[in-house]
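Here is a short briefing for a reader meeting this structure for the first time. Look it over, then follow the points by topic.

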Amino acid sequence: MIYAENLTKHFADFVAVQGINLDVQAGQVLALLGPNGAGKTTTVRMLTSVLRPTSGIARIAGYDVVEEAEKVRSSVGVLTEHHGLYSRMNADEYLTFYGRLYRMPDSLIERRKRELLEQFGLGEARKKKLGEYSKGMRQKLALVRALLHNPPVLLLDEPTSAMDPESARIVRDAIRALRSDQRAVILCTHNLAEAEMLADQIAIIRRGRIILNDVPERLKQLLLGPEEYEITLRNGAGVPPEVLPLGVVVSRQENGRYVFRIDQPEEKIPLLLKRLLDQQLPVLSCAPVPRSLEEAYLRAVSLHEENGNGSN
Amino acid sequence: MEAIDIRPALIIAQREVRDQFRDWRIIFPIVFLTLFFPFLMNFTARQLLNFVNQYGAGLVGERLIPFLLLITGFFPISVSLVIALESFVGEKERGSIEPLLTSPLADWQLYLGKLLSSTVPPLVGSFLGMSVYISGLLINRIPLPDAETLLQIIVLTITQAVVMVSGAVVVSTQATSVRAANLLASFIIIPMALLIQAEAVVMFWGRDTLSLWWIVFGLLVLAVLLIRIGLAHFQREELLGREIDVLNIRWIWRILWGSFHGGARNVLDWYRNVLGKTLLDLRGSLLAAVLLAVIVIILGAQQADRFLLILPEGDFQQRVRELGFNLPVGGIGSVQQIFFQNVRALVIGLLLGLFSFGVLGTLPLFATLGLLGYFTRIMEINQLPAAQIILSGVVPHGIVEVPAILLSTAAVLRIGFLLATPMKDKTVGEVFLMAIAGWMQVMVGLVVPLLLLAAVIESWITPLMILRLFG
């Protein structure tokens, strides 16, 4: 649904994006992570046919971003960095305006407006001037605009920024629903927890290049090493070394809390638990040590810097 | 071929017009200029008529009536400039341009929508204002201007609005901020103010109704050119890209020098490949310049009957001999004078051409060859040997000088042509600089050497030829 091969954009001598490859299928969410100025917005603008790539190709819903720009724009819903609302209009007028630009029949515009405004909790504010909207309301309305024409592809730039937790949850649910509805979504965000919650693929972009692109778990494995597990014993009880099966490597231990790595965890962890329980050790819990995407991201960035890619 | 769908442009225009009518900063001046100003003009007309009639100068009052109508119509359309200047760059500053650019609109639909929304409300205001003014004249039993003048004023008002809006929209698409666009607006408002004065002069003169139609025609051509230029250089990328207003001398120099130099390895290579290519590109403009030259010679000759010059009786050869004593034959000073005069005229042609998309760059050609046509005919009327005089006094240096003028004129015309040609990978600034570099190539490579040669011939050979034939 979203395909890019060797996508490159130069502004005079400045290389904004270099050789980007992407492949997002229907029903997938790709999170594009990177610091400000990394090339996220430029990539999105090329994918929406607003910027012309210097080289490379990109196709959206099967349409070429250079040759079939208008069809590409019809197939994409974009939540831009700036919401771009007209302050003297109300939500009703604003959405009607965009619906007509997308050549939607008036009856469909009305239905979609009603559905989406209700879904995002803006139903009561539909006649209020947009200039009077709060930041979060503006963000939600901009997202409604992006969804209005029911596009197969969505490019969302920081969809939950400036939102209260309740609104952010509504938006995250909406993104999950889009995935279930077989839409392809690119999510540009600085919110790594959100990316982890929503994305099927994570692409880390830095200085215009994608330095890593994989599913979140493999990315963590690659950057942070094999997964670690933690067993906690009641009252700080200790585990005699002979109880631990072969292949368990304890990396940290304190007050009855053991953090270890193990080969073939699916087979060996039940065995380990059985041994502990056989020894009548008071096992309180056993779980993988949570590893955040943030750690993986920071590790990726530092590795990239160490490998001599610190500057262009 | 895809059908032309104007609806999206109308949707944009409708939204913007509605938005404008919710903005008191736009509504107030339009209402004021539409309703109050015509009353003021009416009052002025009444007072002036009473005053001039006291001294039997009713004609002055009569001529003033249409002029006041023109002004009544012009003031509301001046608001269109503010709206149009803001059209693209204002949306960029407010961050609302990007969602619009990502919608499935063709460039021309977006552009047309903006043009319409900037033109229509001020024009409606203008017509309302003119109606109020005319109603006032009728109520006060002041005679109305004749039908043709009324029609001219209405058409002039529309074309002026279209020119101002199309110019301002070009500025708005290219400016980096509303502030920059407002500063650049003086390039529109000052020529327009001068034009209004010229129109006023024509109206007061009152004898020449055709001139106002020519102004209408000129304005229409200008509007078409401006719209064409605006569309040719409308780039979504540029609208989103540029953020800062810094005069980048290094960039200007790089484009100018890069285009002028053209990557040539040496002078010979430059002449052969760089200038050669420029001259090939110049073929169309050169043909246009040659056609203009023929037309202007004929027009010049026709003016001789209109502005007849009867030379005093006398011995022509005796006069030439007298002149021969004063001719600066063989001096370096005269070569310098002739050369610099010609170069200066062509540089002025370039400067005029830069502000008029090449059109006014034809003035040196018009002046030179128009006068040639005129004086040739005058000599014929005065029964002087025109052919011999031209052959001895003009052809020796003219054979070099006229091609030089034609080349320079063609290069200036090409600037306008390039500006109106779509080049999606280049900004207006780049195209402008490249076009100037093309003119410089032609000047340095051919025109300046030819003008120098022409000056030497004109100073050293032409006088001798005249003296040989007539002395």
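**The sheet of chain A**

In this predicted model, chain A holds an open sheet of 4 strands in the order β2-β1-β4-β5, and their pairing is antiparallel. Strands β2 (14-24) and β5 (63-64) of chain A stand at the edges. Each has a single partner strand, so one side of each is left without a neighbour in the sheet.

- Strand β1 (residues 2-11) of chain A and strand β4 (residues 55-60) of chain A run antiparallel, joined by 5 bridges.
- Which residue is the bridge partner of A:A4 in β4(A)? The partner is A:A58.
- Helix α1 (residues 40-47) of chain A packs on the sheet. This helix touches β1, β2 and β4 of chain A. Its direction makes about 115 degrees with that of β1(A).
- In general, strands of a sheet pair through backbone hydrogen bonds, either parallel or antiparallel.

**Chain B as a whole**

- Chain B has 20 helices and 0 strands.
- The C-alpha trace of chain B spans about 80 × 70 × 40 Å along its principal axes.
- What percentage of the 471 residues in chain B is buried? Buried residues make up 39%.
- Take the contacts in chain B with a separation of 6 or more. Residues 24 or more positions apart account for 86% of them.

**The two domains of chain B**

- The domain assignment of chain B gives domain 1 (7-241) and domain 2 (249-470).
- Between the C-alpha centres of domain 1 and domain 2 of chain B lie 38 Å.
- Domain 1 of chain B brings 8 residues to the contact, and domain 2 of chain B brings 8 residues.
- Which helix gives the largest share of the side of domain 1 of chain B that touches domain 2 of chain B? Helix α10 (residues 209-232) of chain B does, with 4 residues.
- That side of domain 1 of chain B has 3 nonpolar, 3 polar and 2 charged residues.

**Where chain B meets chain A**

- The contact takes 24 residues from chain A and 21 residues from chain B.
- Three helices of chain B, α1 (7-20), α5 (97-101) and α11 (236-241), each supply at least two residues of the side that touches chain A.
- By class, the side of chain B that touches chain A has 9 nonpolar, 5 polar and 7 charged residues.

Conventions
Residues numbered from 1 in each chain as written. Chains lettered and ligands numbered in written order. Predicted model: local features only at pLDDT ≥ 70, side-chain atom pairs only at ≥ 80, totals over all residues. Pairing = 2+ DSSP bridges. Contact = placed C-beta atoms within 7 Å. Axes fitted to C-alpha atoms, helices over the stretch in contact; angles between N-to-C directions. Domains from an automatic or database assignment. Nonpolar A, V, L, I, M, F, W, Y, C, P; charged D, E, K, R; others polar. Buried ≥ 20, exposed ≤ 12 C-beta atoms within 10 Å, placed from the backbone.
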